[in-house]
Each structure stands twice: as C-alpha cells, then as structure tokens.
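Me: I am new to this structure. Can you walk me through how to read it, one feature at a time?

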Amino acid sequence: MVKTMNEEWKPNSELIVWAKEHLSQIGIDGLWSPDGSGVQYRKVTDDTFALMFTYNHPSAIDHHQRFSLLMEAAGYNVIEGDDVQVVTPPLDASAAQEEEYRRKQEIASGWQCECGYPLANNILEDREDKFVGTEEVLLSTGDTAEIEVWSCEITCVSCDKKIDMNPDDFHLLAGDDIFMQWKCEDELFVALNRGQMKDLADAGVEDGVVLGSEVKGHKVPPWLWGCYTMPFSLEEIKKSEEE
Ligand SMILES: [Zn+2]
C-alpha cells in the first residue's frame, strides 16, 4: 500500500480518551469501521488492531494514517496483514450505501453481551419491543416534532441479562424478517412484503391487518405503522414447533 507520511496531524487528548473507552469495548474479533471512512479494522488481540479493508482512495489512506496514530496513542498496536482487502469504491451512491450496510451488518454480527456471548446467537424472535417515551426533535424546517422512542429488549441466553437495544441496531442484527414482526397479547403480527401480499391476494386470503398506532389498546412500534401484516396465534405457532 502507498504511504504518504502525514506528520502534522496529532490526536488531541479528548480524542485519545474517547478512543481508549470506545476501543476497549470492542471484543476480540470485533470490527471497527468509522462511518464513511472507507477503512475497517479487526481487534485481533487485547491490544492489537489489524487493518482488514480499505478503499483504494486517497481519503481512505489518509484516514488509515490518522486512525493508526489515534490507536497507537490509545495504547494499541496497529498491524497491516498481507491479506488487506483493497477495494475500489463504488461510484454509484446506492451501491455505496448497500456496501456500507453490508459492512455494518458484519460489525453487528460481532456484538457481544457483557459476558462475552455473541448477541446474534440469542433467540432474536423473542425480543420485546418497549415504548420508552416521547422526545422533541428539531426538524430541518426549524419546527419541532414529537417522536416515539422505543427499544428492543433481548435476553442473553448465556447469563440471562436483559439487553436493551436501539431498534436500528436490532434491525441490523436480526434482519428484516424478524424486525418486521410484533407480538401483542396472544398474537404475532408478521409484516408482508409485496410478493407475499400478491400471492395471498391471488389465493383469495383476506385475513391481513393494516397496523395503525394501536392494537387492542397496546402501542404499535412505529416501524410497523401502516404495514400490511398477517396475524398468527402464538399458541398455534408453539404447537406447530412442538410437532
Ligand atoms: Zn450475557
């Protein structure tokens, strides 16, 4: 890899404190990929990060030099394996977004509970959606609007700890199919995609429900508002699993 020395830039003490805290929370084999940087590292031992991936682009090379200085200042070694993936960045914006999403999913697959158990190995179907409260947010127009804050709670299979996740993080971890379903009393509402809706319509099935903001007096998570869903009885799902 081409290296141009960037000797002027030095991390300040605030950044070093942040890096120490942030990098220490990443488990071994966990990935660090700052948004939009075009580089990705893997924590290979307690005190070493290895460059895994970089865009073949001057700004990515510059980022790598700065991150290396920062990691070293925070007490980590930075190594470059022989198998570093050097990739030409996609020119098309939606392809670049897809790439970024795929890389984030890879990071999510490395998240761990405090006990070290991988979050991805828990029973993600059993998550509970919890309404936390409302929050005023500033819109780009200068007006404010109230939004609902929710969390997705999963239970660690290994240590029984309840883990509250930001819904976007849970979505990354669990994928669309699991994220787009919701338990309410004795029913499971499963959101359908267009292909599924078409197949059911062709088959004459009309039991679907469009979710509003409430069902049977329970608040519906906002990511399911307006979705066409199929309700399933939890008892029957359980029975069919036991068979
Ligand atoms: Zn745990």
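Reply: Start with pairing: two strands pair if DSSP finds at least two bridges between them. Helices (H or I, at least four residues) and strands (E, at least two) are DSSP runs, numbered from the N terminus. Here, strand 1 and strand 2 (residues 39–45) run antiparallel and are joined by two bridges. In one of these, leucine 31 has arginine 42 of strand 2 as its bridge partner.

Me: What kind of model is this, and how are residues numbered?
Reply: It is a predicted model: local features need pLDDT of at least 70, side-chain atom pairs count only at pLDDT 80 or more, and totals for chains, interfaces and linings use all residues. Residues are numbered from 1 along each chain as its sequence is written.

Me: In what order do the four strands of the open sheet lie?
Reply: Strands of a sheet pair through backbone hydrogen bonds, either parallel or antiparallel. In this sheet the order is 1-2-3-4, with mixed pairing. Strand 1 (31–32) and strand 4 (77–87) are the edges, and each pairs on one side only.

Me: Which helix lies across strand 2, strand 3 and strand 4?
Reply: Helix 2 (residues 58–73) does. Axes are lines fitted to C-alpha atoms, for helices over the stretch in contact, and angles run from 0 to 180 degrees between N-to-C directions. Helix 2 runs at about 170° to strand 3 (48–55).

Me: Which residues make up the largest nonpolar core?
Reply: First, the terms. A residue is buried if 20 or more other C-beta atoms lie within 10 Å of its own, exposed if 12 or fewer, and partly exposed in between; C-beta atoms are placed from the backbone. A nonpolar core is a set of buried Ala, Val, Leu, Ile, Met, Phe, Trp, Tyr and Cys residues joined through C-beta atoms within 7 Å. The largest one here has 11 residues, including Leu31, Trp32, Tyr41, Phe49 and Phe67. Strand 1, strand 2 and helix 2 each give two or more residues to this core. Helix 2 gives the largest share, three residues. Another core, of nine residues, lies apart from it, with Cys152, Ile154, Phe170 and Phe179 among them.

Me: At what angle do helix 3 and helix 4 pack?
Reply: Angles under 35 degrees count as roughly parallel, over 145 as roughly antiparallel, 65 to 115 as roughly perpendicular and the rest as oblique. Helix 3 (residues 93–108) and helix 4 (residues 167–174) pack at about 90°, their axes 8 Å apart. So helix 3 is roughly perpendicular to helix 4. Contact means C-beta atoms, placed from the backbone, within 7 Å. Lys104, Gln105 and Ala108 of helix 3 meet Asp169, Leu172 and Leu173 of helix 4.

Me: Is tyrosine 101 buried or exposed, and why?
Reply: Tyrosine 101 lies in helix 3. It counts as exposed because it has 11 C-beta neighbours inside 10 Å.

Me: Where is aspartate 160?
Reply: Look in the loop between strand 6 (144–155) and strand 7 (162–165). These strands form a hairpin with six residues between them. They pair in the antiparallel sense over four bridges. Threonine 155 has lysine 162 of strand 7 as its bridge partner. Aspartate 160 has a positive phi of about 70°, although it is not a glycine. With 9 C-beta neighbours inside 10 Å, aspartate 160 is exposed.

Me: Which value does phi of glutamate 185 have?
Reply: Its phi is positive, near 50°, in a residue other than glycine. Glutamate 185 sits in the loop between strand 8 (181–184) and strand 9 (187–191).

Technical notes:
Contact = placed C-beta atoms within 7 Å.
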